[in-house]
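Thank you all for making time for this.

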Amino acid sequence: MVLFDSELNVMEVLWKEGEIKASQICKILEKEIGWNRNTTYTVIKKCVKKGYIERKEPDFVCKAILSKQEVQSQGISNLIKKLFGNSKSEFLQAFLGRERLSKEDIQELKNFMDNLK
């Protein structure tokens, strides 16, 4: 599963708002990113076809089938596979080597790693 940026825009609205009418998604995305109604409906229909969104009648009510966590997890897995030869260790080294971490961040990571054991 790979979501394009346009699909993520629609999914973000659904994750934030929950189950809403497509017309409401149109209004939100018009205001937030300047999309017109046709663009929004086209992307919604693609997401429905791919199984990311459930469409209910009447009123073309949309509901996200995929959770944000599922999409994030799959996206990270794809990134690690593509750029780091599927090495989580190389990914973490590249990521953490460039980021400045607070003491709290470091402690959270230590606790996380301890819980993996």
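In helix α2, the residues A22, I25, C26 and L29 are buried, where buried means under 20% relative accessible area, exposed means over 50%, and partly exposed lies in between, with a 1.4 Å probe and protein chains only. These residues cover an arc of only 105 degrees around the axis, which puts them on the same side of α2, the arc being that of the directions from the helix axis to the C-beta atoms. An α-helix has 3.6 residues a turn, so residues three or four places apart point the same way. On the other side of α2, K27 and K31 are exposed.

Before I go on, please keep in mind that this is a predicted model, in which local features need pLDDT of at least 70 and side-chain atom pairs count only at pLDDT 80 or more, while totals for chains, interfaces and linings use all residues. Residues are numbered from 1 along each chain as its sequence is written, and side-chain values use heavy atoms, with hydrogens and water left out.

Helix α2 itself runs over residues 22–33, and its 12 residues reach 16 Å from the first C-alpha to the last, close to the 16 Å expected at 1.5 Å a residue; that expected span is 1.5 Å times one less than the number of residues. Helices here are DSSP runs of H or I with at least four residues, and strands are runs of E with at least two, numbered from the N terminus. Just after α2, G34 takes a positive phi of about 80 degrees.

What do the buried residues of α2 pack against? They pack against α1 (5–17), β1, α3 (37–50) and β3. If we follow I25 and leave aside its neighbours within four places in sequence, I25 is in contact, meaning heavy atoms within 4.5 Å, with V10, V13, L14, I20, T40, I44 and C62.

I25 also belongs to the largest nonpolar core, where, of 21 residues, V10, L14, I25, I44, Y52, I53 and C62 touch the most other members. Such a core is a set of buried Ala, Val, Leu, Ile, Met, Phe, Trp, Tyr and Cys residues joined through side-chain atoms within 4.5 Å. The elements that give two or more residues to this core are α1, α2 and α3.

Let me turn to the cysteines. A search of the whole structure finds zero disulfides, a disulfide being a pair of cysteine sulfur atoms within 2.5 Å. For C62, the nearest cysteine sulfur, that of C26, is 8.8 Å away, and C62 is buried, with a relative accessible area of 0%.

Finally, β2 and β3 form a hairpin with four residues between them. Most residues other than glycine have a negative phi, and most peptide bonds are trans. D59 is partly exposed, with a relative accessible area of 47%.

Note on methods
Two strands pair if DSSP finds at least two bridges between them.
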